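Subject: Structure handover

Hi,

Here is the structure I promised to pass on to you. My notes on the packing follow below it.

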Amino acid sequence: MKLLRTWFIPLLILLIACPFAGVARTEAASASAIQIYLNGDLLPSDTAPYLKPKENVTMVPLRVISESLGASVLWSQATKTATIQKDGNKLVLITGHSVAEVNGEPVGLDVSVENIQGRTMVPLRFVSEQLGLDVVWNQSLKTISLTSNEGGVQPGEEGQDPKPQPPVTPPQASDELRGAWVSTVYNLDWPSSTSTGKAEAQKQDYVKLLDDLQGMGINAVFVQVRPSGDAFYPSDLVPWSSYLTGVSGKDPGYDPLQFMIDETHRRGMEFHAWFNPFRASTDTNTSKLANNHVANSHPEWTVKFANKLYINPGIPEAREHVIDAIMEVVNRYDIDGVHLDDYFYPSGETKTSQFADDSTFKQYNPKSLSDKGDWRRDNINEFVKDLGRSVHQVKPNVSFGISPFGVWRNKSTDPTGSDTKAGMTAYDSTYADVRAWIQNGWIDYVAPQIYWSLSFNVAKYDTLVDWWAKEVAGSSVKLYIGHAPYKLGTSEAGWNSAQEIINQLKYNSGVPEVRGSIFFSAKELRKNPLGLIPLLQSYYGL
């Protein structure tokens, strides 16, 4: 195998450096692609391989090898076989086969050869195991570090000591999350309203969306796959979303969720499935909803409030229905996380407009709680606890997190709350006792929506970051911060310059508990408000 290593290391370099034309990518995205290091030396590469997260295997494109190396690489479309030959050495890899041949001997593969849009992709881990190469992939920094046990002997140098190489240190590892919310309700971010019912147009739009986001430094997307009691995936429990075809329950002709996961993971980005748990419909007209929509199949579970329909969190069977719908995705798809927004009990109640759950309060109150607010919070606590347990029992590595309203409670109401004067709070308005979730370890991360500037005195950004940092300190719960680029250019204090977002990120960097950021939303980022994109690219070192 030593001879095979001698010629294959430079071959590997060419394999990785070859352009991957599976999907069109913007120049910005290409420029910010994965960096590859071999024995500490940075290798130029204008495009990136992609990661298979489940197996933790990086796939690289197989291309025709230059005649200067004297190697031949053949692809047989008929047999789906890739054959590499050099100096009597021969590697044979067949699509779909879990075993390859190395000089006639079988060798197991972690991931089979794949053909993606006309490109043959081979597993880098297989190459490393056979050729003595160690591979380290860093998702946040988008780097691959390759280390040869033989020091990278070059062709014609077999038997010679490798030339000493100056040390080159790759960027320091970081687990910083840089996310973007992708709203599907009302077709806000994706799919566009012009692509309704057009599967190929929706796919192209999503590919372009990912290209744009990755080009500005985003490494994770939080895609709303349940906007209102429906699904962006084939479900046995809830209907297809009308935001795909314009008709509730109509099959779009493909699996949008699987497509999005594949495209996202191909870029080495994380895919978090975002669920709106209790919003049933954005209006009260049930005639346009499919028969198996919860508003029609279980109208006794829904409550009309503020011209919308909500699933009543006070009914145990209704909560279980929501959990079952979410677990369909956990069980069937290779997602990186389950994400909930802040739709628990609806905010905006007044003395004359109440969420009608008095009868539910009397019927479903096994703990005999006398205060309805405490009872509502207990319902949400039970939901969060049960969902987290269900997710982690099936897939311990799938993260479960929630993005609550940015103010838990004001200090004027609770001395342990934040020094803010917010008109609504998570605890009192949506009945989300986030503190309990953190202290009990029911969630893996919390991502408060801190949608105010550093100069907004009613609810200052830095004041709230510090408060949330103290809440997670000493716990196992990570803290991500929700940012509001959609406010750039508005009249609210502090949003007259895109530098506000950068200043917030800089502030986060000085708070050890902050592990990343999520931006609302993808559409707003892509608008480049007040020139934000180049500032993000510069900040993230792209």
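Contact, wherever I use the word, means heavy atoms within 4.5 Å. Helices are DSSP runs of H or I with at least four residues, numbered from the N terminus. This is a predicted model, in which local features need pLDDT of at least 70 and side-chain atom pairs count only at pLDDT 80 or more, while totals for chains, interfaces and linings use all residues. Residues are numbered from 1 along each chain as its sequence is written, and side-chain values use heavy atoms, with hydrogens and water left out.

Let me start with helix α13 (residues 461-472) and α14. Tyr461, Asp462, Val465 and Asp466 of α13 meet Gln504, Tyr507 and Asn508 of α14. By type, the residues of this contact between α13 and α14 are three nonpolar, two polar and two charged (Ala, Val, Leu, Ile, Met, Phe, Trp, Tyr, Cys and Pro count as nonpolar, Asp, Glu, Lys and Arg as charged, and the others, Gly among them, as polar). The axes of α13 and α14 come within 11 Å and cross at roughly 30° (axes are lines fitted to C-alpha atoms, for helices over the stretch in contact, with angles from 0 to 180 degrees between N-to-C directions). That makes α13 roughly parallel to α14, a term for angles under 35 degrees.

Helix α14 (residues 499-509) also packs with helix α16 (residues 532-539), at an angle of about 25° and with axes 9 Å apart. Here Gln499, Ile501, Ile502, Leu505, Lys506 and Ser509 in α14 meet Leu532, Leu535, Leu536 and Tyr539 in α16. The residues of the contact of α14 with α16 are seven nonpolar, two polar and one charged.

Now to the core. The largest nonpolar core has 122 residues, and Tyr206, Phe271, Ile335, Trp437, Trp468 and Leu536 touch the most other members. Helix α8 (residues 316-332) gives the most to this core, with eight residues. Such a core is a set of buried Ala, Val, Leu, Ile, Met, Phe, Trp, Tyr and Cys residues joined through side-chain atoms within 4.5 Å, where buried means under 20% relative accessible area (1.4 Å probe, protein chains only).

Finally, arginine 435 lies in helix α12 (residues 434-439). At 17% relative accessibility, arginine 435 counts as buried. Leaving aside neighbours within four places in sequence, arginine 435 is in contact with Trp408, Thr416, Trp467 and Glu471. Arginine 435 and tryptophan 468 are 33 residues apart in sequence and 9.4 Å apart in space, C-alpha to C-alpha.

Best wishes

Notes. Buried < 20%, exposed > 50% of the residue type's maximum accessible area, 1.4 Å probe, protein only. Helix = DSSP H or I, 4+ residues; strand = E, 2+ residues; numbered from the N terminus. Parallel < 35°, antiparallel > 145°, perpendicular 65-115°, else oblique.
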